Each structure stands twice: as structure tokens, then as C-alpha cells.
Amino acid sequence: MKKIINKIQKKFDSIVISTKTTAVAVVDNTRAEGFVDTGVKIIIGVVVGAVILGGLYALFDGVILPTLETRIDGMFDYAG
């Protein structure tokens, strides 16, 4: 009877050690960390680029082009 209990205990201990080793390996795995960082950088770049382009579009549409049009009309106004 003691042999069977010792055999079961050894089997249980080996399963626990195997599970612990696998869990530690999964937690310590950092292979894909570079891919996540790269993805975040790409998303940040796209968002910042969209904000900059939106700001430039608003600036040109509301400030620069009307002023430019007024100045060009003033240069070619031969009436006065």
C-alpha cells in the first residue's frame, strides 16, 4: 500500500513541477513584445498624422486661402 501511495505522490509532484515550469515559461515569454510596441507606434503615428493634417486643412481653408484670394484680387484690381 505504501508503494502505491509513494508512486501516486511522485506522479503528483511531477505534474505540479511540470505545470509550474510551463506557467513560468508562459509568463516570462516576451517574444511578441516587439510586435505590440510596433503596432502601438504605428497607431500613434496615424492618429498624430490625422490630427496634423486636419489642423492644416482647417488653417488653409479658414485663414490662408481667403487672405490669399483677397490679396490676389487687390493686385489685379485696376479700377482703383
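Biologist: What percentage of the 80 residues of the chain count as buried? After that, please look closely at helix 2, around V47 and G49.

Modeller: This is a predicted model, in which local features need pLDDT of at least 70 and side-chain atom pairs count only at pLDDT 80 or more, while totals for chains, interfaces and linings use all residues. Residues are numbered from 1 along each chain as its sequence is written, and side-chain values use heavy atoms, with hydrogens and water left out.

Of the 80 residues, 0% count as buried (under 20% relative accessible area; exposed is over 50%, partly exposed in between, with a 1.4 Å probe and protein chains only). The chain holds 2 helices and 0 strands (DSSP runs, H or I of at least four residues for helices and E of at least two for strands, numbered from the N terminus). Its radius of gyration, 35 Å, is well over the 12 Å of the globule rule for 80 residues, so the chain is more spread out than a compact globule (taken over C-alpha atoms; the rule is 2.2 Å times the number of residues to the power 0.38). The C-alpha trace spans about 120 × 15 × 10 Å along its principal axes.

Now the part itself. Helix 2 covers residues 33-75 and includes V47; G49 lies in helix 2 as well. V47 is partly exposed, because its relative accessible area is 48%. G49 also counts as partly exposed, at 26%. From V47 to T70 is 23 residues in sequence and 34 Å in space, C-alpha to C-alpha. For G49 and E69, the C-alpha atoms are 28 Å apart, with a sequence separation of 20 residues.
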